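Let's go through the aromatic rings of this protein, one question at a time. Have the model open beside you.

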Amino acid sequence: MDQTSEDDVSLKSGGKTQASGGALPGMLQTLRRSMRAAEKSPLASEGKGSKVMTDEASDSRPPPSPSLSVGSPLASPLKNIGGLFSRKEEDENEDPQKGKSLTRSKTDPNMAGFRDSFLKRGASIRRSLKFGNKKDKAFRQESLVSVSEVPLEERKEQKEEEEIEEAYTLPELPHTPLSVMQINKLIEMELLEEAHLNLLALRQEFQRERCDEASPMELSKKEKDLNLLYGELRNKLNAIVRNSNSCPSINKAMLVPVARIIQEEERRAAEPGGLASSWMEAWREAVGEGVKLKVASVHLERQEQSVSWLAVHLGLLGKAILEDLQGVKRELRWSYPPSFQVFSAYVRSYHRVAGRHVETLGRQTTELKDLHALLDWIIHRYKSERIMGSLSLQPEMMGESAQLMLEDELLTQLRDRFCCRVKEDLRSSLDRVIALEHEDVWRDSRSPEEEDDLFNAPFHMDIWTTVKGSVKNSRLINAQLEQSVTSCCLQELSEFPKRFEAEFQRHCSTLRPKPLWTEYQITYINSFSALQQHMDSYRDACPDQLDGFRREVLGLIGRLTQVLEDQFKDDVKPFLRRMMTRKWLTNDEDFGHLHRRTELLSQHCARMRPPHNQHLVGRLHYHVVREYVGQLMKNNYSCKNRKHEKAAMKMRLQCRELSNLFENMKSSLEWLYEVGDDLSEVLVQKNQTDIKNHLQPLLEHYPDFSRKHLAAVLAFRGLLRGRERQLILQRHAELKKKVGVAGDRSQVLFSDMQVTVNTDCLSNLPTSCLRMLLPDH
């Protein structure tokens, strides 16, 4: 009771007690009772929330440390000292053996000095604390009772909302600091407040001796000791900060003295004896090192172990970052004063550390899917609601950037590598297309597939699907990458037609039978035409690259079409050469071959995709008509003895058969259908005089029908000379002047026919000589 009254007196007097006499033992007894009461209090055990503190415990409850916030007595230096003494007393009372060991330890002069320093500092530390009056005690006692009745979850929420105050009061420094070994021991034991107070006292000694111009050797030695101790202290602080986000519940109590030490050292930065570098900057580096350890601890498989190694790792990394920042917001930041801006420091550290981490991953990434996953994580996922944009981090993230800190050229390099990889993969796919076509079709001379009655090679769908997939995946990243990928795909496709054509010709140059070769030609005309139509959807994105691809495709289609055209011309050439001859007049064999070849062409063109089929049909229609009629201009045969009537009838019938074939093939050259009838009308006339009356339809339909062509037709008719022939030629000249101007100049047929023999023997005579031959002259 005496001890208790002494303590009460000391409290009433504002904590100003003498360090000698009975005050110190009384204070220590009070501290011991406070520790025991705290151990038995409801706050010390979460499971005993219904217990109420005793009067003795509540009256002797130690006041809060001035260097800490209210509610964190475990971090108080006085608490540590009180706990040390209470543990000594309990050990002496409970275990005699332990008491003996403590007695033996007192023989150690270092430990004795260590103990004495605690005893001497008790009063000064107590004076540095700010006690309240009895009303404050009663209020705190009621608060403890009411808090004990609150559920655990609500107490945790209340605890999270507590914030360490910015201001603090430094306890009184010891007059005589502990030895270097003792201070170092305190640092090792993580008694940071006691170690720092003694270190400051040692620093003050150094400053006084420096001002008193003490021995340079002693000053140098003490400065070296200070540097070593400060280095150890900073290393210890850095280790605690570095590991604080890994074990926040364990390290949380240690962070309060850490923060106060950093504040005090920043305040004393200009004073001699300390470290030159900034303590706050060292704290930020320690935070970054802790973040680096957290990022490095995320599981990462090797590429050969898992196909999805990078996607899985990035998912785990995002989860770890979010959970860590949630822990910082929920627990860690409340262990620091507001000026530390703990949450911002961790966010910025993650921006920097995660940025360096993805840069390292980018150098290891080669596959397209991995590059896509990395770009997607950097551009979208990191700042999305899954990580930095999470609602659980609000509102703290509202004033923070959500972007990774990356090298300036990293995204550009990743995009370029992504495009190059797309291009390489597309080239491999196109090479595989050619290889499969050889394996499935060319090698075994298989007939091509048909789809909707058209010859078809399905590789155009495979290519389009590949390109569309690459463009679609790049669109998920951003529009810039989409355009770059589209451009790369079109550039690579521009080289494909020629490569395909070269392989096709190499494998199929000796292909038999010939009709199969024709089917292949039509098949690839159709397939590349379809591929071009697929790619036309990218005109708005990459017009220049698309035009280059279209030129290459149209060039290939034109060459394949020309092969078909030349092949048909070669097939029908011998039959057309024997038209308008004696054999032709009496035998239909050659025309039958021509008819069958044209029918086969019709069947092939029916399986060709428009508009290429109409283009080919029109060119071959023109060729057949020109070569058939052109035989009249070669003077191979002259119809005499009324054979011209039979020739005219035969020409009319055969031209109609050819016209029907090309009409079924939907030829667009309808103006060629009249040539057989017009020429037959000229040839069939019995009276030579009537010929000049049937020239006008021929000239109207074909304005390029010239005098020499008419002379060749008359020679085939058997009219080589004479007055009637000249009258017919004269009538042609008159009609030419009238009809020639109004005729359609686009319908050119006879201009392309070469007259091999000049059958007009009087064509070079002057007009005056021709008049002499007229009967009226």
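**Aromatic rings in the model**

Q: How many aromatic pairs does a search of the whole structure find?
A: Keep in mind that this is a predicted model. Searched as a whole, the structure gives an aromatic pair count of 25.

Q: Which kind of pair do the rings of Trp442 and Phe500 make?
A: Their centres sit 5.7 Å apart, with the planes at 65°. Planes over 60 degrees apart get their own class, so this pair is edge-to-face.

Q: How many residues apart are Trp442 and Phe500?
A: Trp442 belongs to helix H17 (residues 410-442), and Phe500 to helix H20 (residues 496-508).

Q: Is Trp442 buried or exposed?
A: Its relative accessibility is 4%. The cut-off for this class is under 20%, so Trp442 counts as buried.

Q: What class of aromatic pair do Phe459 and Tyr524 form?
A: Centre to centre, Phe459 and Tyr524 are 6.3 Å apart, with 35° between the planes.

Q: Which helix holds Tyr524?
A: Phe459, its partner, is in helix H18 (residues 459-475), 65 residues away. Tyr524 itself is in helix H21 (residues 514-535).

Q: Which charged residue lies over the face of Trp279?
A: Look for a residue at 4.5 Å from the ring centre. The one over that face is Arg234.

How values were computed:
Residues numbered from 1 in each chain as written. Predicted model: local features only at pLDDT ≥ 70, side-chain atom pairs only at ≥ 80, totals over all residues. Heavy atoms only, no water. Phe/Tyr/Trp six-rings, centres within 6.5 Å; stacked < 30°, edge-to-face > 60°. Helix = DSSP H or I, 4+ residues; strand = E, 2+ residues; numbered from the N terminus. Buried < 20%, exposed > 50% of the residue type's maximum accessible area, 1.4 Å probe, protein only. Lys NZ or Arg CZ within 6 Å of the ring centre and 35° of its normal.
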